[in-house]
Amino acid sequence: MKTQTTKKTGKRTRRKSNKNSYVGVVAVLIVLVVLAGILSVVFRSFMPSKEKADLNALYGITGEDRIGVSVDGLISSEPALVRDGKYYLSMSLVEDRVNEALWFDEAEQLMCVTTPTQFTTFTKEEMLASGAMLDGETMYLSMDFISQWSDVEIAYYEDPARMMIRTTWPYEVIQVDKKTYIREKATKRAPYLAEVAAGESLLLISECEGQAEMEGWYYVATTDGRSGYVQTDCLGDRWMEGDDHVSTIGEYTSVTLPGKVNMVFYQTDNESMNATLSEKLANGVSGINAICPTWFFMDGPGTARSICDASFVETCHNQGYQVWALLNDIDGNCTSSSDVTEALRRNTDRRRLVDFLMQEITSYGIDGLNIDLEHVSEEGAPFYREFIRELSVECRNRGLCLSVDNYVPMDYSLYLDRGAISKVVDYMIVMCYDEHYYGSDEAGSVASISFLKRGIERTMREVPREKIVAALPFYTR
């Protein structure tokens, strides 16, 4: 009995051993498969994607009656309409991306068009007769109409059907040193929009500064309008092109003073204060070339009060000083953002104000205008910019110097769009003071050196340096 028992136990032991070996092998295989999967995922995460982006989706192309749009290398999510072989862009796309000087006055249902030397308007009926169309409630402008009134270059491409519109010159170009891909996002795993070979040139749109997740990438565009991210280690030399561009609608010429602007504000709020000029100049004034008296005060839609003085102008001219008359929204009846918005909302009111200013300037032999509207809200900013554009046409045609005053740029005031304004004015005056003011939560400098420096540097992000004037405070509180 013992011998039989011993033999049975041996068989069971061998069977159990074989079973354990099988389980072990399976477990090892499972671990290897899992490791292989993990390694595959890790490996693929470092490998560039070979997936091509859906360009139709990227350009918003949803049918044969749409084609993609790229403006200055940036792809628009809104495509163009195609009707009877002609191309149309929505009014909002034109105003935002192509030409802000094709501006629709909602209050009076007018298309307001400004070029460097011309201002004109179109009624809705005239627009439709000139190449516009309505698609539902949306107004579209034909590319023929846009080209007639805008300084643009347009090229058309296929696969997918798209147009590339250029509105700015000169532009920066960068050379590709080795084959690379332009991708939807700043990562090698993102789908690619285009493959570019060594020796090709790309438009440099942005260096992606201040975005840590995009370090090592530039935002670029191909010459046929496909834009995305490319790794910087594939790029080489940079240069500027388009310096020889000639505008198709005329140049935005500027009136400039010889040398640097050394202007002083002359605070007046009534006619009697004009008589004190000679006395103040006699106290010893040197080094200035322009005096800016506060002579125009906004009173309401299309209206302003004037205290211009002919003897004041004569005294300045006799001593070699130009006179830039200032319009403000502080001393008149328009003293709030809602007042200013309402005063500039309608074409009729803007034209009345512009005509009044031009009549006064001409009558008194004044050399220029300074616009100091401090109550421009985000809602009122489009009307303000249109007012400045319309005013600039009249000043340019008369050889008058036009300057505008602005606060030190802050994130909350970027809606003013200083870049667009600087395109049409002669000087942008940065009011580099009131860092601390009466009523501030804490005491401090009216204008510290760092505050002044930041104001100039931030303005230079939007405005050409040759148009910037820094206004300094020669007072304390």
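1. **Ground rules.** The model is predicted, so local features need pLDDT of at least 70 and side-chain atom pairs count only at pLDDT 80 or more, while totals for chains, interfaces and linings use all residues. Residues are numbered from 1 along each chain as its sequence is written, and side-chain values use heavy atoms, with hydrogens and water left out.

2. **The second largest pocket.** This pocket holds about 1300 Å³ of space. A pocket here is an open set of points on a 1 Å grid over the protein atoms alone, with protein on both sides within 12 Å along at least five of seven lines; lining residues have an atom within 4 Å of a point. Grid points are joined across faces, edges and corners, and the volume is the space filled by probe spheres set on the points.

3. **Its lining.** There are 41 lining residues, and Phe265, Met431, Tyr433, Ala471 and Tyr475 lie nearest the centre of the second largest pocket. Elements giving two or more residues to this lining include strand E19 (263-266), strand E22 (322-328) and strand E25 (427-431). Strands are DSSP runs of at least two residues (E) and helices of at least four (H or I), numbered from the N terminus. By class, the lining has 28 nonpolar, seven polar and six charged residues. Nonpolar covers Ala, Val, Leu, Ile, Met, Phe, Trp, Tyr, Cys and Pro; charged covers Asp, Glu, Lys and Arg; the others, Gly among them, are polar.

4. **The largest cavity.** Searching the whole structure gives two cavities of 30 Å³ or more, a cavity being a set of points where a 1.4 Å probe fits but cannot get out. The largest cavity has a volume of about 50 Å³. Helix H10 (residues 381-398) gives the most to its lining, with three residues. Among the lining residues are Thr253, Leu402 and Asp426, and the classes come to six nonpolar, two polar and two charged.

5. **The second largest cavity.** About 30 Å³ of space lies here. Its lining includes Asn99, Tyr252 and Arg389, and divides into three nonpolar, one polar and three charged residues.

6. **Asn370.** Asn370 and Tyr427 are 57 residues apart in sequence, yet 9.2 Å apart in space, C-alpha to C-alpha.
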